[in-house]
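Take a moment with the sequence and the model before reading on. The paragraphs below walk through the fold step by step.

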Amino acid sequence: PIGGADITKELSQKLKRPYLDAEKIKRLYSLGKLNTKDSSTVLNIINVVLNFWHAGIEELFKSFSGVKTFAPDFYLVGGGSDLPDVKEQLFEEPWTKSIPFKSSPEFKKIDISKLKELERTEEIKNNEDLLPVLCAYYYFLVKGIKNEWGNYQ
């Protein structure tokens, strides 16, 4: 799992700024509110983290045996998936050529608003919230939660 927090840590270290300042810089970058020079610096740092992602995901796929082809759909979640250029950086890299995908890998986002059973609250509002929400959602679907009458909700 590599994502927004890893990018923020790398920004903090490389820019020699506190973590919260680095998070603010990352968010400003996401919103396109940094000047060209600062945006370029941030993108270079993001690329360092994405190189680790490339290596890890390539190793993961190579570790499978007996699989002829892999599905091309990737679902990225968390705050890092909102960063501009992430899609292009992830899927236009040579690592995708060494893995037998059915077709070119494709980036997809899960729209949190389309989870019908999920009650939307002020705390659940964006991609950053998605991973913990989906983990809880999956857990409750698998385990089932009984109400006070013994019925599963």
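This is a predicted model: local features need pLDDT of at least 70, side-chain atom pairs count only at pLDDT 80 or more; totals for chains, interfaces and linings use all residues.

The chain has five helices and two strands. Read along the sequence, these elements follow the pattern α-α-α-β-α-β-α. The chain holds 153 residues, and 35% of them are buried. Take the contacts between residues at least 6 apart in sequence: 56% of these join residues at least 24 apart.

Start with the helix pair α1 and α2. Helix α1 covers residues 4–15. Helix α2 covers residues 19–30. How do the two pack? Their axes lie 8 Å apart, at an angle of about 115°. Angles of 65 to 115 degrees count as roughly perpendicular, and α1 and α2 are therefore roughly perpendicular to each other. The crossing of α1 past α2 is right-handed. On the α1 side, the contact is made by G4, A5, I7, T8, K9, L11, S12 and L15. On the α2 side, Y19, A22, E23, I25 and K26 take part. Sorted by class, this contact has seven nonpolar, three polar and three charged residues.

Now pick out one residue from that contact. S12 sits in α1. Is S12 buried or exposed? Buried means under 20% relative accessible area, and S12 has 14%, so it counts as buried. Leave aside its neighbours within four places in sequence, and S12 is in contact with R17, P18, Y19 and A22. Two of these, Y19 and A22, also belong to the α2 side of the helix contact.

Next, look at the link between the helices. K16 lies in the loop between α1 and α2. K16 has a relative accessible area of 73%, so K16 is exposed. Its backbone deserves a look too. Most residues other than glycine have a negative phi. K16 is not a glycine, yet its phi is positive, about 55°.

Finally, turn to the core. The largest nonpolar core has 24 residues. Which residues have the most contacts inside it? They are V42, I46, F61, F74, W95 and F101. The elements that give two or more residues to this core are α1, α2, α3 (36–62) and α4 (86–91). Of these, α3 gives the most, with eight residues. F61 shows how the core is joined up. Beyond its neighbours within four places in sequence, F61 is in contact with F70, F74, I99 and F101. F74 and F101 are themselves among the core residues with the most contacts.

Definitions and conventions:
Residues are numbered from 1 along each chain as its sequence is written. Side-chain values use heavy atoms; hydrogens and water are left out. Helices (H or I, at least four residues) and strands (E, at least two) are DSSP runs, numbered from the N terminus. Buried means under 20% relative accessible area, exposed over 50%, partly exposed in between (1.4 Å probe, protein chains only). Contact means heavy atoms within 4.5 Å. Axes are lines fitted to C-alpha atoms, for helices over the stretch in contact, and angles run from 0 to 180 degrees between N-to-C directions. Angles under 35 degrees count as roughly parallel, over 145 as roughly antiparallel, 65 to 115 as roughly perpendicular and the rest as oblique. A crossing is left-handed if the near helix is turned anticlockwise from the far one by less than a right angle, and right-handed if clockwise. Ala, Val, Leu, Ile, Met, Phe, Trp, Tyr, Cys and Pro count as nonpolar, Asp, Glu, Lys and Arg as charged, and the others, Gly among them, as polar. A nonpolar core is a set of buried Ala, Val, Leu, Ile, Met, Phe, Trp, Tyr and Cys residues joined through side-chain atoms within 4.5 Å.
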